[in-house]
Amino acid sequence: MWLLIVSATTVCAQVGEHRNDLAVGGNAGYALNTIGFVPKVSQAMHGGMTFGLSARYVCEKYFSTICSVAAEVNYTALGWKEEILDAFDQPVINPMTGAAEAYNRTINYIQIPVFAHLAWGHETKGFQFFFQAGPQFGIYLSESTDSNFKWDERNTSDRSNKTDAQGTMPVENKFDYGIAAGVGMEYSHPRAGHFQLEGRYYYGLGNIYGDSKRDYFGRSNHGTIVIKLAYLFDIMKTK
C-alpha cells in the first residue's frame, strides 16, 4: 500500500501531462464493523455513521491514468455487536428480564486516511472509475455500551461462546492504525463539481486491547466495510 502512495507522488516527476488540481469537500456514509477478537467473540456487523472532510490533489495524467493524492478527516462510529447464542444457534434468554440478551459497544474515532488515488475515464466532464489505497490512522474519542441486561445477571450457562471478558473492558489503545482500500465511480462537471460513490475496506493493524502474553486477547483489531458518498469542488484547476 505504501508503494501505491510513493508511485502516485513520484509519477509527477515522470514524462506525462502535468496537473496542478486541488479539490476539497465533504463525505458521509455508513460503516459496518467487527472486531477480530482472539479468543473469538461471536458477532454481527456493528453499524455506525461516518462523515468528514475530503481533499484531493491531482498531479499527473500518465497515459490514461489520472494520478492523485487524496486525504480525509472523518468522525466514525465503530465497535462491535455481539451475537449471544446457545448451542442450537438460538438467542440466549436472560432469566431476569425474559428477553433475548443483546450487547453493543460503540467506539468513536477521528480517522485520517491518506490515499494514492488512481482514476481512469473522463477528467473534466463525465464518469471515471477510481481505485485508492493507503494508510489510515485513528484517534480514540469515546465509547459507550448498550445492553438490555445487568452484567452480573447475564446468562452464562446457556451461551455457546463463553468469551465475555470484553464486556467490562474499556478500550486500552487510544491510537489505531491500519490499511484502507476502496473502489468507486465519480461523475465530474466543470461547474457542478465532483460526485463520488465508493466502497471501502479497512483492516486494522493495531489492537484495541493489549496483546502481550499477560493480556486476555491476543488480537482485537478493527475490520470495517464502508459505503460513502462524497462531493468535491475545485479550488485550483489546470484545464
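1. A salt bridge is taken here as a side-chain nitrogen of Lys or Arg within 4 Å of a carboxyl oxygen of Asp or Glu. By this rule the count comes to 11 salt bridges.

2. The model is predicted: local features need pLDDT of at least 70 and side-chain atom pairs count only at pLDDT 80 or more, while totals for chains, interfaces and linings use all residues. Residues are numbered from 1 along each chain as its sequence is written, and side-chain values use heavy atoms, with hydrogens and water left out.

3. K61 forms a salt bridge with E123, with closest N and O atoms 4.0 Å apart. The pair links distant parts of the chain, K61 in strand β3 (residues 46–62) and E123 in the loop between β5 and β6, 62 residues apart; strands (E, at least two residues) are DSSP runs numbered from the N terminus. E17, R19, K61 and E123 are linked in a network of salt bridges.

4. R105 and E143 meet through their side chains in a salt bridge (2.8 Å, N to O). R105 lies in strand β5 and E143 in strand β6, so the pair ties together parts 38 residues apart in sequence. R105 counts as buried at 2% relative accessibility, whereas E143 is partly exposed at 23%.

5. Strands β5 (residues 103–121) and β6 (residues 126–147) run antiparallel and are joined by 17 bridges; two strands pair if DSSP finds at least two bridges between them. A hairpin of 4 residues connects β5 to β6, and Q111 stands opposite G138 in β6.

Key: Buried < 20%, exposed > 50% of the residue type's maximum accessible area, 1.4 Å probe, protein only.
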